[in-house]
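This briefing goes through one protein chain, from its overall make-up to a single residue. Please keep the sequence and the 3D view side by side while you read.

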Amino acid sequence: MIKIVYEPQSTRAAAYDDDICIGESTYSNSETMWIIDHTEVNENYGGKGIASQLVEELVNQARSSAVKILPLCPFANREFQKKKEYADVKL
């Protein structure tokens, strides 16, 4: 079973299959803004929506932390364009 975990000490959301990290979405941060700079999932897990779940986790965490997101990562940027419900956290 795939588990998505927010890891603020590593400034990322990570996807795990059991104890194996199979993907991550990383960000740099300040008190008011996060910049999503990279999203990647192991090719063996492609097409399962894991990358979308990683970005969604960062969006949810940004909301609870009252910060905005600048999605520089091409994948994250496409997610923000597709999902208008992310507009409240987009910088």
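Helices (H or I, at least four residues) and strands (E, at least two) are DSSP runs, numbered from the N terminus, and two strands pair if DSSP finds at least two bridges between them. The model is predicted, so local features need pLDDT of at least 70 and side-chain atom pairs count only at pLDDT 80 or more, while totals for chains, interfaces and linings use all residues. Residues are numbered from 1 along each chain as its sequence is written, and side-chain values use heavy atoms, with hydrogens and water left out.

**The chain as a whole**

- The secondary structure comes to two helices and five strands, and along the sequence these follow the pattern β-β-β-β-α-β-α.
- The radius of gyration, taken over C-alpha atoms, is compared with a globule rule of 2.2 Å times the number of residues to the power 0.38; for 91 residues a compact globule would have a value near 12 Å, and the chain agrees with its 12 Å.
- Along the principal axes, the C-alpha atoms fill a box of roughly 35 × 30 × 20 Å.
- Of the 91 residues, 41% count as buried, where buried means under 20% relative accessible area, exposed over 50%, and partly exposed in between, with a 1.4 Å probe and protein chains only.
- Contact means heavy atoms within 4.5 Å, and among contacts between residues at least 6 apart in sequence, 40% join residues at least 24 apart.

**The sheet**

- Strands of a sheet pair through backbone hydrogen bonds, either parallel or antiparallel.
- Here five strands form an open sheet in the order β1-β2-β3-β4-β5, and the pairing is mixed.
- Strands β1 and β5 (68-71) stand at the edges with a single partner strand each, so one side of each is left without a neighbour in the sheet.
- Strand β1 (residues 2-7) pairs with strand β2 (residues 12-17) in the antiparallel sense over six bridges, and the hairpin that they form has four residues between the strands, with T11 taking a positive phi near 45°.
- Strand β2 also runs antiparallel to strand β3 (residues 20-29), to which six bridges join it.
- A14 in β2 stands opposite V5, and in β3 the bridge partner of A14 is E24.

**The helices**

- Axes are lines fitted to C-alpha atoms, for helices over the stretch in contact, and angles run from 0 to 180 degrees between N-to-C directions.
- Helix α2 (residues 74-82) lies across β4 and β5, running at about 120° to β5.
- The axes of α1 and α2 come within 10 Å and cross at roughly 75°.
- Angles under 35 degrees count as roughly parallel, over 145 as roughly antiparallel, 65 to 115 as roughly perpendicular and the rest as oblique, and α1 and α2 are therefore roughly perpendicular to each other.
- This contact is made by A51, S52, V55 and V59 of α1 together with F75, A76, E79 and F80 of α2.

- Y16 has its place in strand β2, and at 16% relative accessibility Y16 counts as buried.
- Leaving aside neighbours within four places in sequence, Y16 is in contact with M1, I2, K3, V5, E7, C21 and I22.
- Y16 and E85 are 69 residues apart along the chain, and their C-alpha atoms are separated by 26 Å.
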